[in-house]
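Please look over the structure below before reading on. The notes after it are grouped by topic.

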Amino acid sequence: MGIAETKRSSSTPASTSGAAASDPQAESGAALTDGFHLVIDALKVNGIDTIFGLPGIPITDLTRMAQAEGIRMISFRHEQNAGNAAAIAGFMTQKPGICLTVSAPGFLNGLTALANATTNCFPMILISGSSEREIVDLQQGDYEEMDQLAIAKPLCKAAFRVLHAEDIGVGVARAIRAAVSGRPGGVYLDLPAKLFAQSMDAEAGKRSLIQVVDPAPRQIPAADAIGRALDLLEGAKRPLILLGKGAAYAQADADIRSLVEKTGIPYLPMSMAKGLLPDTHELSAAAARSFVLPEADVVLLVGARLNWLLSHGKGKTWGGKGHKDAGGQKFIQIDISPQEMDSNVRIDAPVVGDIGSCVSALLAGIGAAWPKPPAEWLTAVAERRDRNIAKMAETLAKDPVPMNFHSALNVVRDIVKANPDAILVNEGANALDFTRSIVDMYKPRKRLDVGTWGVMGIGMGFAVAAAVVSGEPVIAIEGDSAFGFSGMEVETICRYNLPVCVVVFNNNGVYRGTDVNPTGGADLAPTVFVKGARYDRLIEAFGGVGVHATTPAELRRAMEEAVRSRRPTLINAVIDETAGTESGRITSLNPTAGKKK
Ligand SMILES: Cc1ncc(C[n+]2csc(CCOP(=O)(O)OP(=O)(O)O)c2C)c(N)n1
Ligand SMILES: [Mg+2]
């Protein structure tokens, strides 16, 4: 519905409370619009069709009116989950995901997700209502008083406030551009309560809206940068391609696959780049990671940053002598941000541009005569990989009692293989690390997880958004601790009847369930939860399907049924409480006490 028609929508029952109750046209006699409708129309004109949020003062009517105007309004139980949903919707679609919250506490609840989105380069816009500017600025104690703009600023890519209805179009346009252009990230848009009730001439309002043209312009890499990269790559004896989630975000799937296949270079996918090429691809070196990183002589990074997840490109992981020593590799890095280069080690061939343009420019320089890497290298990688895969197959074939991470994930692996379009959401420590290494992905952007921060709490927000955005079944593999951060959203999953199958890997706690309180006191150890908890009963409270699974066979049956029926399902998968390790795969990051216990 356009601006000209807003007078009709402002008289619908959905918009008859609070500030929106007055009919602007009745008051002035001219066709008017107001802040509420301008926000909605500014989003709609830019193709925003979904809002993830939580109602309350001053945005309750905005949620109602958005729904009335055809935007899908997905209401959550906590803003952090709505924020995570918006962020991952942005990752999946390249359109900014919108999270809508109330002022101060609601805003703060959404802020963690906004910061996480920025860290992960997911485009999202947190729109929060805010209190009376005049009172906030004089700190006179308004309802939910807080200088939200100032607080948001250091945690996101850009932050804007709109004070006048005629500026809503510009505000929304700026937020969209900031979120998706260049390196994507989180944007905060502050909308004070007074703005929503402001009215203005409907025609002028319509003219004030901006349909953003080319919101994420291509950034073409320079020819000399491409030449430098190709020279390095061609001369490599032991080349390696590293695919990051930036590569997955770029939606340049066919070209990225061609790059790997035409050069014949082994590749390693970062967690959320799994499936960009099927994990079963003959050039995948995923199962030989600890061999290829120190051995490679030239590494091409595609949308992957040399942060902690890649040991900062140096140290023992890369064949360096000490933890600060470089391994001697030469790096080619494709990234949209020039500032990413040399952030940890020297980048010998920076290629700055959008990933699609960079990869296609590289491909243009890779002809039929391109030399494949030396057979010696390819054989060494393949041997190492096949040996590790065979070792893993032995472990997966075991059927221990109680069920452990491996025997449970052997089931998940089969279910994902049989349903390659399903989206896998994953968080936890052991529940995360084992899933990442055991469950193969077959298609791009099907694995959504804790990302750069290793943050707990993304689970149900990601699951809701994945189902809403894609319409595909979602499988969420959750540590029991991880699940607790967003578990109440099982109500949301049931309310919208989403095809989400949550599997809680219940090992009675954080990492494992075996710690004891050294004092002998009644309190459990800090990492331990109620033993034998029945998470499956949570979803039953809202009409979903709960299953208690203690064997791989029970888990398989329940997951197959969940995917087939598309009914909201929560499976409490009982995992050996002794099976996990502290912090999963990142034990080494725990500080060691100087004073021994
Ligand atoms: C927001 C946040 N709080 C705390 C942590 C620390 N942390 C890392 S993993 C984890 C939970 C691990 O337990 P669980 O999810 O049950 O996985 P398990 O290893 O038991 O399979 C926690 C609390 C975090 N990463 N993020
Ligand atoms: Mg656990």
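Asn508 sits in the loop between β17 and α23; helices (H or I, at least four residues) and strands (E, at least two) are DSSP runs, numbered from the N terminus. The phi angle of Asn508 is positive, about 65°, although this residue is not a glycine. Asn508 counts as buried, at 11% relative accessibility; buried means under 20% relative accessible area, exposed over 50%, and partly exposed in between, with a 1.4 Å probe and protein chains only.

This is a predicted model, in which local features need pLDDT of at least 70, side-chain atom pairs count only at pLDDT 80 or more, and totals for chains, interfaces and linings use all residues. Residues are numbered from 1 along each chain as its sequence is written, chains are lettered from A and ligands numbered from 1 in the order in which they are written, and side-chain values use heavy atoms, with hydrogens and water left out.

- Asp480 belongs to helix α21 (residues 480-484) and Gly509 to the loop between β17 (500-506) and α23 (536-540), so the pair ties together parts that are 29 residues apart in sequence.
- Both Asp480 and Gly509 are buried.

**Ligand 1**

- Around ligand 1 there are 17 residues, and the closest are Asn430, Gly454, Asp480, Ser481 and Ala482; a residue is near a molecule or strand if one of its heavy atoms lies within 4 Å of it.
- By class, this shell has 9 nonpolar, 7 polar and 1 charged residues; Ala, Val, Leu, Ile, Met, Phe, Trp, Tyr, Cys and Pro count as nonpolar, Asp, Glu, Lys and Arg as charged, and the others, Gly among them, as polar.
- Helix α21 gives the most to the shell around ligand 1, with 3 residues.
- A polar side-chain atom of Asn507 is 2.9 Å from an oxygen atom of ligand 1.
- A backbone N or O atom of Gly509 lies 3.0 Å from an oxygen atom of ligand 1.
- Of the 590 Å² of accessible area that ligand 1 has on its own, the protein covers 76%; accessible areas come from the Shrake-Rupley method with a 1.4 Å probe, and for residues only the protein chains shown count as cover.

**Other backbone features**

- Gln94 also has a positive phi, about 65°, although it is not a glycine.
- Gln94 lies in the loop between α5 (79-93) and β4 (97-101) and is partly exposed, at 31% relative accessibility.
- The peptide bond between Ile57 and Pro58 is cis, with omega about 5°, and Pro58 is in the loop between β2 (50-53) and α4 (60-68).
- A cis peptide bond also runs from Val401 to Pro402, with omega near -5°.

**Buried residue and whole protein**

- Ile415, in helix α18 (residues 405-418), is buried, with a relative accessible area of 4%.
- Ile415 and Met559 are 7.4 Å apart in space, C-alpha to C-alpha, and 144 residues apart in sequence.
- The protein has 24 helices and 19 strands.
- Buried residues make up 55% of its 597 residues.

How values were computed:
A polar contact is a pair of N or O atoms within 3.5 Å; within protein, one must be able to donate a hydrogen and the other to accept it, and residues adjacent in sequence count only if both atoms are side-chain atoms.
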